[in-house]
Amino acid sequence: MANQVGHLHVTYNNIHNLIKECTPKIGDEFNPDLMVAIGGGGFFPARVMRTFLRGVTKNKTLQIQAIGLSLYEPVEGGNEDQIGQEVIRTQWLGPNAGKLLLGKRVLIVDEVDDTRKTLHYALSELKKDVEAELSTRPESEREALRAATKFGIFVVHNKKKPKLAELPRDIPYVITIFIARSNGKTGNDRYYAGEDVDDVWLDYPWESTNIEEHDRLAMLDRSRKSGQ
Ligand code: 5GP
């Protein structure tokens with residue numbers, strides 16, 4: 001990424017602890033019925049979050065569904081349609097996607113919110129699945145079902161930078177509450193982020209083929225940061 005300087009290595013323990021800190025709030029305020037993990041970076045965070053959510057939301061079977069999205073190189077000044085073309089689906093919910101989502105509190109989980117294009121795409125497409133399912137239901141039931149369907153978003157890291165896509169705000173059933181761990185409200189009240197970070201490239205442990213070396217670099221990054 002041309003405009004990004006530096007790397008920050010994060011460890012499994014860092015991520016585990018960030019998720020641990022955020023989860024009580026997410027359990028209290030959003031209380032998800034279902035998680036949709038965006039692969040591959042959202043898989044580990046979703047699995048860890050489920051462990052902590054189970055402690056908060058007793059007796060709930062929290063399913064984790066997976067979707068796979070991949071981002072093309074950004075187009076300068078891209079509009080909404082272009083964003084849709086830049087993100088490609090490598091995996092999606094099955095033919096019953098809308099049924100699965102309708103009436104649920106759905107928490108979308110990813111590891112990092114960088115340009116926000118991926119989250120924008122995921123939310124817009126999941127909305128289409130819900131609308132398709134709603135269109136099969138009697139008109140008299142639609143309003144209540146739509147109102148009962150809510151989306152939340154959790155990312156481990158939110159990069160502090162101008163975003164290239166806005167999360168859709170025209171969706172009545174999108175209620176997401178975003179709170180950053182370190183400094184309270186981020187001003188964006190539509191998702192939860194584990195931690196706000198500078199615009200650096202984050203190296204995640206699951207991408208490493210040598211975890212000891214990765215952890216060593218993470219320690220160096222941390223001591224460099226604390227020496228700043
Ligand atoms: P977006 O720009 O759409 O917010 O992020 C797209 C995807 O790019 C993320 O889901 C993630 O997989 C990848 N990505 C963005 N920034 C980083 C980063 O700093 N480190 C890593 N490992 N992946 C990133």
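The model is predicted. Helix 1 and helix 2 cross at roughly 45 degrees. The ligand is surrounded by 16 residues. A cis peptide bond runs from G39 to G40.

**Helix 1 and helix 2**

- Two packed helices are described by the angle between their axes and the distance between the axes.
- Helix 1 spans residues 12-29, and helix 2 spans residues 43-56.
- Their axes come within 8 Å.
- The crossing angle is roughly 45 degrees, and the two helices are therefore oblique to each other.
- The crossing of helix 1 past helix 2 is right-handed.
- Helix 1 makes the contact through Y12, I15, H16, I19, K20, T23, P24, I26, G27 and D28.
- Helix 2 contributes F44, P45, V48, M49, F52, L53 and V56.
- By class, this contact has 12 nonpolar residues, 3 polar and 2 charged.

**Ligand site**

- Among the 16 residues around the ligand, the closest are D114, T115, T118, K159 and L202.
- T115 places a polar side-chain atom 2.5 Å from a ligand oxygen atom.
- E111 has a polar side-chain atom 3.1 Å from an oxygen atom of the ligand.
- L202 uses its backbone: a polar backbone atom lies 2.7 Å from a nitrogen atom of the ligand.

**Backbone features**

- Most residues other than glycine have a negative phi, and most peptide bonds are trans.
- N31 has a positive phi, near 50 degrees, and is not a glycine.
- N31 sits in the loop between helix 1 and strand 2.
- The G39 to G40 peptide bond is cis, with omega near -5 degrees.
- G40 belongs to the loop that lies between strand 2 (34-39) and helix 2.

Definitions and conventions: Residues numbered from 1 in each chain as written. Predicted model: local features only at pLDDT ≥ 70, side-chain atom pairs only at ≥ 80, totals over all residues. Heavy atoms only, no water. Axes fitted to C-alpha atoms, helices over the stretch in contact; angles between N-to-C directions. Helix = DSSP H or I, 4+ residues; strand = E, 2+ residues; numbered from the N terminus. Parallel < 35°, antiparallel > 145°, perpendicular 65-115°, else oblique. Left-handed = near helix turned anticlockwise from the far one by under 90°. Contact = heavy atoms within 4.5 Å. Nonpolar A, V, L, I, M, F, W, Y, C, P; charged D, E, K, R; others polar. Near = heavy atom within 4 Å. Polar contact = N/O pair within 3.5 Å; in protein donor to acceptor, adjacent residues only side chain to side chain.
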